Each structure stands twice: as structure tokens, then as C-alpha cells.
Amino acid sequence: MATGWAGDGAVQDQIDATIKDAIQRVRSQLPQGPSLSHCEDCDSPIPEARRQAVPGVRCCVACQELRDQDQAAFSGYNRRGSKDSQLR
Ligand SMILES: [Zn+2]
């Protein structure tokens, strides 16, 4: 079904913008600074291998999984929200 070339271009622009937003959001959430020796959340030791593998790691595997789940839920919610909701 033809929607006209202008409409198709607009949709593509919107998709590109959405991807760029997502990449920027992920980049802004990358851990910063040195890796921690103990989990920020539950205080259990973080294995050296994990600290090497994840620069700036803040928490243990168990807590990271919880955070990832929270993040996924938040991203799904935020996708429907307005741009203003990202200005925290
Ligand atoms: Zn932990």
C-alpha cells in the first residue's frame, strides 16, 4: 500500500531517531570509574574475573540481573512516555 514518499521518509526518520535515543540512553548508563571490589547493593565480593570483564562494575551478577530486569521494565514504560520524562 502506497503512503507516498514523504510519509515513508518521515517514518524512517522517526525510526532512526528512536535508535539514536536508545543508544544514547544505554551509553549514559554505562558504569563509570573503577570497578568495585564489593557489590554496591548486597556487599558481596565481586569476582576478579567479573571486574576484569566489566569495567566499572558496580554490583554482583545476581544484583546485576535484578537491575537489568528493572531497566527493561523501565525502558518499556519510558518508550511510551514523553521526551520530558528523560530529563531527570
Ligand atoms: Zn549484589
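The protein chain holds 3 helices and 0 strands, and its pattern along the sequence reads α-α-α. Helices (H or I, at least four residues) and strands (E, at least two) are DSSP runs, numbered from the N terminus. This is a predicted model, in which local features need pLDDT of at least 70 and side-chain atom pairs count only at pLDDT 80 or more, while totals for chains, interfaces and linings use all residues. Residues are numbered from 1 along each chain as its sequence is written, and side-chain values use heavy atoms, with hydrogens and water left out.

Of the 88 residues of the protein chain, 11% count as buried. Buried means under 20% relative accessible area, exposed over 50%, and partly exposed in between (1.4 Å probe, protein chains only).

## Zinc site

The zinc ion has as its protein donors Cys39 (SG), Cys42 (SG), Cys60 (SG) and Cys63 (SG), which lie 2.3 Å from it. Donors are N, O and S atoms within 2.8 Å of the metal (3.2 Å for Na, K and Ca); water is not among the atoms, so sites may look incomplete. Along the chain, the donors of the zinc ion follow the spacing C-x2-C-x17-C-x2-C.

The arrangement is tetrahedral because the 4 donor atoms around the zinc ion subtend angles of 105 to 118°. Four donors count as tetrahedral if all angles lie between 85 and 135 degrees; four count as square planar and six as octahedral if opposite donors are over 155 degrees apart and all others between 65 and 115; anything else is irregular.

Cys60 is buried at 10% relative accessibility, and Cys63 is buried at 10% relative accessibility. A search of the whole structure finds 0 disulfides, a disulfide being a pair of cysteine sulfur atoms within 2.5 Å.

## Salt bridges

The count comes to 4 salt bridges, where a salt bridge is a side-chain nitrogen of Lys or Arg within 4 Å of a carboxyl oxygen of Asp or Glu. The table lists pairs including those of Glu40.

| Pair | Distance, N to O |
|---|---|
| Glu40 and Arg58 | 3.1 Å |
| Glu40 and Arg67 | 3.0 Å |
| Arg51 and Glu48 | 3.1 Å |

The salt bridge of Glu40 and Arg58 links distant parts of the chain: Glu40 is in the loop between H1 and H2, and Arg58 is in the loop between H2 and helix H3 (61-80), 18 residues apart. Glu40 is partly exposed at 41% relative accessibility, and Arg58 is partly exposed at 26% relative accessibility.

Glu40 also meets Arg67 in a salt bridge. Because Glu40 lies in the loop between H1 and H2 and Arg67 in helix H3, this pair ties together parts that are 27 residues apart in sequence. Arg67 is partly exposed, with a relative accessible area of 28%. Glu40, Asp41, Arg58 and Arg67 are linked in a network of salt bridges.

The C-alpha atom of Arg51 is separated by 5.8 Å from that of Ser35, 16 residues apart along the chain.

Val11 lies in helix H1 (residues 5-28) and is partly exposed, with a relative accessible area of 45%. Val11, Ile15, Ile19 and Ile23 form a nonpolar patch on the surface, with about 330 Å² of accessible area together. Patches are made of residues with over 30% relative accessible area and no salt bridge: like charges are joined within 9 Å, nonpolar side chains (Val, Leu, Ile, Met, Phe, Trp, Tyr) within 5 Å. Accessible areas come from the Shrake-Rupley method with a 1.4 Å probe; for residues, only the protein chains shown count as cover.

Asp43 lies in the loop between H1 and helix H2 (48-53). Phi of Asp43 is near 70°, a positive value in a residue other than glycine. At 57% relative accessibility, Asp43 is exposed.
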